[in-house]
Each structure stands twice: as structure tokens, then as C-alpha cells.
Amino acid sequence: MGRTALSLFATAAALAAVAGVAVVAAPSGDAGSGSGSGTARAAGSAARMPVQRSAVVCPAPTSSEVAETTYTAFSPGAPASAKAVAGGRDARRPADLLPVTTTKSQAPAKKSEKGDKKAEDGGKATGAGAVLTLKAPGAPVTATTDRSDAPALLGSADGPLAPGYTVQQTTAVTAGSGRGLHGLTCAPADTSFWFPGVSTAKGRQDYVHLTNPDPAAAAVVDLELHGKDGRVAAPAGEGVTVPPRSSVPVLLSTLTDTPADNLTLHVTARSGRVGAAVQASDEKQGGDWLPASEPAAVAVLPGIPADATSVRLVAFAPGADDADLTLRFAGPTGSITPAGHETLHVRSGTTETAALDGVARGEAGSLLLTAEGGGKVVAGLRVTRGKGDKQETAFLPAVEPVGARGTVADGRAKGTSLSLAAPGAEARVKVTAWAAGGGTPATRTYTVRSGTTLTVEPPVPGSGGKGGYALTVETVSGGPVHAARTLTLPQDGVPAFTVQPVPDDRSTVEVPAVRSDLTTVTR
């Protein structure tokens, strides 16, 4: 007598998230051998499993001849709450950052004769091989380059390195348009991105970098601009082709004949998937990467510095409904309504702004937005520090909650701060600093009171922060927490700074458990 067993399992799941495009392996389990024809056996509840693959895209960092870029890669590994994976990918395979071809834009960069600096545990920062290689969880690695033609990069991690895999790209530009600190957490490829706060105005150069990670098929992308009166005519933004494994930078001012400030850019892929990132450079106010935001009825924007000299909200209503926003500022002691800016009406399909220059009043905090009446918005803040010719600008997006754990790389011994906002119930979070090269991590637990923003200098690992470090933020108890990391590296009196969101790093995914085991018997 022969027996053939057919078992129904949850075998794989895909996750497109901040940490990358993630894939999980099936949970191990007893397939059972039952007897008889068509027998069924119930299984347990769904399990949270660590992701088994993460992939991110990093845009070309700069075309400046007077800049230096630091790449930092890190993985904290699977959280303790996740179940172990049986039959996962090769645990010995490292996570590499690999260069892609960059297609010249309307304003091509000049090539530099400067060489590369050696990477710490990671190789060289340009060339045909890996720019940076991560070999073990819990040990950040870095690489630097001062080349003006440094390419876009693709990063991928498998097995134990996949959960929380994070790559930070930080560029210090010392002179010229956009001088200051440009920071970016490399993100996975996707089919849709919203960027509130872009500009095509004189004195500002905003590039959207489109990177296609596919090795064989081209991607086709549409670029739409939306202003205060609705969609801006930009026929040149339709049908932009991004060749396989290539990156194309597009200067936004070339898409329209009508210069305008405070626009919203929508990037959509007709075919394929792309990484999309916007770099903004201003002749007087420095520059930074402008992060994407997702449409939401409730938005939390942490990271407003206490010494902000200008704060501007840019909000766009992408749906069919208008959005009536209520605004609150959550500081260290509680939440207040900004005088004269209690509400903001955003018509469907339009971009609205609000100048909130006095909102901080010398206190660091977060902006809380709530859309009434069923509408949703994508929102961002343009924040300026300094005065006169010593101004520097950063862009703050709406940030999703930390959830189980958030991860951010490239912490420095000096100039690193963490903003923790609890718009609802009081919450407790655990912050861990992971040393470069795998030194002793440092951990501290914080309580964030309801309706406040707690701004702290995070713990520094046992290495003293030498060589940089990475941070994880874990929710211990209480309500949701929204987090952002600020890196400040002053340059000749300019308060150069950049702010990165710290949302859930999507280390795990829920995998349905075995629902039944069907066994058929052949005789």
C-alpha cells in the first residue's frame, strides 16, 4: 500500500515596508501522517515570523565636489518575540550594497578625480564590487566616499540579517547650493510615493532620483505636481523610462514652465517598481533629502528643534474628500493649539501651507494633525535653523508608530538626539545603542507622558560611539510612540542638521498557521 500526503501550509509571505521588501519562510510544524481518506487536523493560531529577505535602494548622494558621504548598514536581527525560522535562507550570506548605473540628467554631475576612503569593515565606497558589506547582526559597519559621481546603490539582506536591515546615507556638503547635512534612510522600491514640500522656484533645485532595482525589465514612471490650485501642467513628467538596474535623476523645474514653491510630488510606476527620493538644495537655506509621506487621517511629525527659526507645514489632500485639519503642538509638558493656526482646510487635489514659525517657543516637540470628515492628507514640515547666511533646512515627514521596534543607523557620539512623541496614552520605550564592530550595546528605558514629546540624547554604546552606532527603539508598554532621530553636525557656524523618521522596521510578518492537513491514501 502506498501513501501520498498533501499538506496545506502557509509557505511564504511578502512584505513591502520601511525595512525593505521582505520574504518569510514557512513556519516549521508537524505535517502529520493521519490515516484514512480526507482526514483533517486543526492547527494553532497565526505566528509572527522574522522576515527572510529585505531590500533597499539608496540614491546617488551628491554631485558636489566639496562633500563627503558616510554609508552605515545595520541589522539588529530578529526580535525576541519572533519565532525561529526552520529552513530559512543561508545564514552565512552577507548583506551587500552594490552600485547601479546612473543616467545623466538635465544637469549632469562633473566627475571627481578624488579617490575613495577605506571603509570600516566594509570595503571601498565606489567601484564595481560591494560598497559596504554587513556580516553579522548587532554590529553596524560604515564606508565613506568624497566622490561627486558616487552611484546609486542597491542593498539586500537575507536570513538572520534581514529583520530590521537598515542603511543610512549621510552627506556633509561644505559649500555651495545645498551646503549642510543631507541625511536619508534608504527605502525599498515601490509603485507610489508622495513628497509634500517640493519646489520648482528660482534659487531651489529639487531632483527626484528614480532607481530601478530590476536586473532585466525597464520601469515606466509618471511624475505629477500639485499646487494650491490643483494639478500643475507637467507633460514632461509622463512616461519617464528607468532602464534595468539604473538610476535616473530628474530636475523638477524642467517639468513645468511655471515656477512655484510648496508643491506636492506624486511618483507612480506604470510598470515595474522603483526607489524614489527627492533631494532639495537651496542657494541660501542649505538643503536635505525630502522624505516621502503616506496618506493618513491622523499624522504625527516629530523632530521639531527647540531653536527652529522657521516651521512651515505643507499638506495635500489626495482623495475625493476635502480635509479639515486640527493642529496641535506636543512639547515636553503637554499639547497646545498654535495661536492663529487652530485649523487648516485642504481642498481635494490641492496643496495648502501654514507658517508655524512661533510654534516651538524654545521647546522641541512634534506637530499633531487630525483630519475631520473622512478626508486624508499627506503632510510634511520644512524646518529652518539659523539666521542670515547661516541658515540650514531639514524636512520632517509624518511618521508611523514605532510599533514593536524601529531601527535607525549612523548615530554619532556628539550631536545625536531622539524625539519620542506619545499622542495618546502614556508609553514606555526601550532604546538600545549598538556599537560599530559589535561592541557592548547600551540600553535605557524612557517614559513618554500622554500628549507630550520627550527629546533625549540616547545612550552611547561601550565604544563611546567611536566609529558611529545604530539605535533601536522598542515599545515596552502603553500607547503608540512616534519617533525621529536628529543628527546635528555644525559647519563653520551653520547648524547643519538632518532628521530621519524611526517607524516600525517590519522585522516580522504574521504567517497563517496550518489550518488543515489533508491526507489521501492510494492503494
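**Salt bridges and an open sheet**

Lys 430 is partly exposed, at a relative accessible area of 31%. In this predicted model, Lys 430 has a salt-bridge partner in Glu 474, and the closest N and O atoms of the two sit 3.7 Å apart.

Searching the whole structure turns up 14 salt bridges. One of them joins Asp 149 to Arg 147, where the closest N and O atoms come to 2.9 Å. Asp 149 is partly exposed at 25% relative accessible area, and Arg 147 is partly exposed at 23%. Arg 506 and Asp 504 also meet through their side chains, at 3.9 Å from N to O. Here Arg 506 is partly exposed, with 26% relative accessible area, while Asp 504 counts as buried because its 16% falls under the 20% cut-off.

Turning to the strands, an open sheet with mixed pairing is built from five of them, in the order S8-S19-S15-S21-S22. Its edges are strand S8 (101-102) and strand S22 (286-290), each of which pairs on one side only. Within the sheet, strand S15 (residues 204-212) runs antiparallel to strand S21 (residues 275-282), and eight bridges connect the two. Across this pairing, Asp 206 stands opposite Ala 280 of S21.

Definitions and conventions: Residues are numbered from 1 along each chain as its sequence is written. This is a predicted model: local features need pLDDT of at least 70, side-chain atom pairs count only at pLDDT 80 or more; totals for chains, interfaces and linings use all residues. Side-chain values use heavy atoms; hydrogens and water are left out. Two strands pair if DSSP finds at least two bridges between them. Helices (H or I, at least four residues) and strands (E, at least two) are DSSP runs, numbered from the N terminus. A salt bridge is a side-chain nitrogen of Lys or Arg within 4 Å of a carboxyl oxygen of Asp or Glu. Buried means under 20% relative accessible area, exposed over 50%, partly exposed in between (1.4 Å probe, protein chains only).
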